[in-house]
Amino acid sequence: MKVREIDLRHGADSARFGNAMLACEGYAPECSLAGRCLSSGDCFASPPHLVAARMIEGLLPTDGRAGLHLAYLRRAAEMLREGRIGL
């Protein structure tokens with residue numbers, strides 16, 4: 001069952017709503033309150049490997065901090081985007 005942005009609407013089937021909340025990449029409570037995706041539908045329009053890459057990239061600091069574990073995360077996101085890791 002593929003979740004869609006419409007599944008976030010108020011009054012949606014509870015199982016579909018729950019799955020839509022799990023697909024949310026942003027702040028799920030705000031999307032739930034709005035009854036729509038506040039990320040312009042990106043959470044529901046992309047293949048799973050691109051969603052995973054965006055979620056990993058969201059974990060990376062933007063202040064220039066470096067470290068081995070951050071390099072691993074950055075590389076994993078790159079590999080997902082290149083299709084070298086399948087989901």
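Contact, as the word is used here, means heavy atoms within 4.5 Å. On that basis, residues 24 or more positions apart account for 39% of the contacts in the protein with a separation of 6 or more. The structure is a predicted model. Its secondary structure comes to five helices and zero strands, and the pattern read along the sequence is α-α-α-α-α.

**Overall dimensions and burial**

- Taken along the principal axes, the C-alpha atoms of the protein fill a box of roughly 45 × 30 × 20 Å.
- The protein has 87 residues, of which buried residues make up 29%.

**Helix α1**

- Helix α1 spans residues 14-23, and within this helix Arg 16, Ala 20 and Ala 23 are buried.
- Seen down the axis of α1, these buried residues fall within an arc of 55°, so they line one face of the helix.
- As a general principle, an α-helix has 3.6 residues a turn, so residues three or four places apart point the same way.
- The face of α1 turned away from the buried side carries the exposed residues Ser 14 and Leu 22.
- The cover over the buried residues of α1 includes α3, which runs over residues 42-45.
- At the start of α1, the backbone nitrogen of Ala 15 has a side-chain oxygen of Asp 13 within 3.3 Å.

**Arg 16**

- Arg 16 is found in helix α1.
- The relative accessibility of Arg 16 is 19%; since buried means under 20% relative accessible area, Arg 16 counts as buried.
- A polar contact of 3.0 Å joins the side chain of Arg 16 to the side chain of Asp 7.

**Packing of helices α4 and α5**

- Two packed helices are described by the angle between their axes and the distance between the axes.
- For helix α4 (residues 48-59) and helix α5 (residues 68-82), the axes come within 8 Å and cross at roughly 160°.
- That angle makes α4 roughly antiparallel to α5, because angles over 145 degrees count as roughly antiparallel.
- From α4, the contact is made by His 49, Leu 50, Ala 52, Ala 53, Arg 54, Ile 56 and Glu 57.
- From α5, the contributing residues are Leu 73, Ala 76, Ala 77, Leu 80 and Arg 81.
- The crossing of α4 and α5 is left-handed.

**Arg 54**

- Arg 54 lies in helix α4 and is one of the residues of α4 that make the contact with α5.
- With 24% relative accessibility, Arg 54 counts as partly exposed, because the partly exposed class lies between the buried limit of 20% and the exposed limit of 50%.
- Leaving aside residues up to four places away in sequence, Arg 54 touches Glu 25, Asp 42, Cys 43, Ser 46 and Arg 81.
- Arg 54 and Gly 64 are 10 residues apart along the chain, and their C-alpha atoms are separated by 18 Å.

**Ser 40**

- Ser 40 is found in the loop between α2, which spans residues 28-34, and α3.
- Ser 40 has a relative accessible area of 71% and is exposed, because exposed means over 50%.
- Although Ser 40 is not a glycine, this residue has a positive phi of about 60°.
- In general, most residues other than glycine have a negative phi.
- The C-alpha atoms of Ser 40 and Ala 76 are separated by 25 Å, and the two residues lie 36 residues apart along the chain.
- Ala 76 is also one of the residues of α5 in the contact with α4.

Key
Residues are numbered from 1 along each chain as its sequence is written. This is a predicted model: local features need pLDDT of at least 70, side-chain atom pairs count only at pLDDT 80 or more; totals for chains, interfaces and linings use all residues. Side-chain values use heavy atoms; hydrogens and water are left out. Buried means under 20% relative accessible area, exposed over 50%, partly exposed in between (1.4 Å probe, protein chains only). Helices (H or I, at least four residues) and strands (E, at least two) are DSSP runs, numbered from the N terminus. The arc is that of the directions from the helix axis to the C-beta atoms. A polar contact is a pair of N or O atoms within 3.5 Å; within protein, one must be able to donate a hydrogen and the other to accept it, and residues adjacent in sequence count only if both atoms are side-chain atoms. Axes are lines fitted to C-alpha atoms, for helices over the stretch in contact, and angles run from 0 to 180 degrees between N-to-C directions. Angles under 35 degrees count as roughly parallel, over 145 as roughly antiparallel, 65 to 115 as roughly perpendicular and the rest as oblique. A crossing is left-handed if the near helix is turned anticlockwise from the far one by less than a right angle, and right-handed if clockwise.
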